[in-house]
Amino acid sequence: MRVLGMISGTSHDGIDAAIVDFAADFELTGGVLEGRVGYTASTPYPEELRARLIAALPPAPTTLAEVCELDTLIGQRFADAAAAAVAAGGPVDLIVSHGQTVYHWVEGAHARGTLQIGQPAWIAERTGAPVLSDVRIRDITAGGHGAPLVSVLDGLLLGAHEGGAAALNLGGISNMTVVRGDDLYAYDIGPANALIDAVVTGRGLHPRGFDEDGRIAASGQVHEGLLAVLLDEPYYRLGPPKSTGKELFHPGYVEQALARTAAPVGDADLVATLTELTVRTVAQDVRAAGVGALVVSGGGARNPVIMDGLRAALPGVRVAPSDEYGAPADDKEAIAFALIGWLTAHGLPGTVPGGTGASAARVLGTLTPGAGPLVLPAPLAAAPRSLVLTR
């Protein structure tokens, strides 16, 4: 079964897409599911659309009219990306669109709701393929956080790792899945690139809106006073399961922290300090997990300041990109949503309760039919034990 997974993450800079061809005979291979990763791509949002999206995100006020328009415009961009993927990578049986998260409603230790926009009907109309969307909310209705959903992929990829392993995703938000055999837990650690990107974009430090190759951070010095203020955030003291987003870690959050800092902080030093915040918060939690390997994905995996900082802070831990496990660091989340689509199509849960805090695993998503009748594969009696990805 060929599944196209698509997502725009909390960096809201564009759409990642990956086509995965899942083997049909996994029940004959001892429960090992094989997936061949084919076409992958990242499509940036048009600058005007990205600017409108940023302007509408919390804590900024917005209108239902703007939400409706963004839902359509983002849905059309996802449709463009899906059509390009099918044209370049071949026909698919199912498309999974995570869409764009615009609000994740958390009160204390509980997630109450989540909103992803990017109307899937545009994708179905453009490609003729059925589309699975709205994949987070069913987990929330079961008491989970609806995040990090990538934990289902992490468990299948890393379950056999001796001594335990942690999968770290460094997108806008950092999330981690800790895996020891069949035992798994996952949660959002805090900001990875969200605050860095907010400063780089807001202060015009780089035309692409992020610290490319960590060059700005490398040119600055960590401001220990500001770092202490940032580390005082109560969220870091909450235990898992927990989730967060730009509802908490937004541009105004940085300005509030700067206002509490006695001395002025230059642009490069500010970026260096926010980068160190990511390193410190992640390293602290990895040490607490007591794992021997850290498998890193997301845009932050390409930032040498973050990666070198993690290696220095975790001398007893092997830190490696997820590429070594068959999941390219830039494409891992899109691959994860392709996997969730395969699971849903076969009537299998797309969550692990330890990964989200839900009371039980749930089959995820809402299906939009394509050009023809909606036909699903025969349900499977058992889920895969592990997953092997190849290119």
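Select Glu 212 and Arg 208. Their side chains meet in a salt bridge, N to O at 3.3 Å. A salt bridge here is a side-chain nitrogen of Lys or Arg within 4 Å of a carboxyl oxygen of Asp or Glu. Glu 212 is partly exposed, with a relative accessible area of 23%, whereas Arg 208 is exposed at 53%. Buried means under 20% relative accessible area, exposed over 50%, and partly exposed in between (1.4 Å probe, protein chains only).

This is a predicted model: local features need pLDDT of at least 70, side-chain atom pairs count only at pLDDT 80 or more, and totals for chains, interfaces and linings use all residues. Residues are numbered from 1 along each chain as its sequence is written, and side-chain values use heavy atoms, with hydrogens and water left out.

Go next to Asp 232 and Arg 237. This pair also forms a salt bridge, N to O at 3.7 Å. Asp 232 counts as partly exposed at 42% relative accessibility, and Arg 237 is exposed at 57%.

Now pick Glu 69 and Arg 52. Their side chains meet at 2.8 Å, N to O, in a salt bridge. The pair links distant parts of the chain: Glu 69 sits in helix α2 (residues 64-89) and Arg 52 in helix α1 (residues 47-56), 17 residues apart. Helices (H or I, at least four residues) and strands (E, at least two) are DSSP runs, numbered from the N terminus. Both partners are partly exposed: Glu 69 at 41% and Arg 52 at 25%. How many salt bridges does a search of the whole structure find? The search finds 18.

**Helix α5 and the spaces it lines**

Select α5 (residues 151-158). Is α5 mostly covered or mostly open? Mostly covered: eight of its eight residues are buried. Among them are Ser 151, Val 152 and Leu 153.

The structure holds one cavity of 30 Å³ or more, and the largest cavity contains about 40 Å³ of space. The search runs on a 1 Å grid over the protein atoms alone: a cavity is a set of points where a 1.4 Å probe fits but cannot get out, and a pocket is an open set with protein on both sides within 12 Å along at least five of seven lines. Lining residues have an atom within 4 Å of a point. Grid points are joined across faces, edges and corners, and a volume is the space filled by probe spheres set on the points.

Colour the lining by class: four residues are nonpolar, one is polar and two are charged. Ala, Val, Leu, Ile, Met, Phe, Trp, Tyr, Cys and Pro count as nonpolar, Asp, Glu, Lys and Arg as charged, and the others, Gly among them, as polar.

Move to the second largest pocket, with about 450 Å³ of space. Of its 22 lining residues, the closest to its centre are Gly 155, Leu 156, Val 352, Pro 384 and Arg 385. The elements that give two or more residues to this lining are α5 and β13 (386-390). Helix α5 gives the most, with five residues. By class, the lining has 14 nonpolar, six polar and two charged residues.

**Backbone stops**

Most residues other than glycine have a negative phi, and most peptide bonds are trans.

- Ala 147 and Pro 148: a cis peptide bond joins them, with omega about -10°. Pro 148 is in the loop between α4 (137-141) and α5.
- Pro 240 and Pro 241: a cis peptide bond again, with omega about 0°. Pro 241 is in the loop between α8 (224-231) and α9 (251-259).
- His 12: phi is positive, near 40°. His 12 is in the loop between β1 (2-8) and β2 (14-22) and is buried at 7%.
- Asp 213: phi is positive, near 60°. Asp 213 lies in the loop between α6 (194-202) and α7 (215-218) and is partly exposed at 38%.
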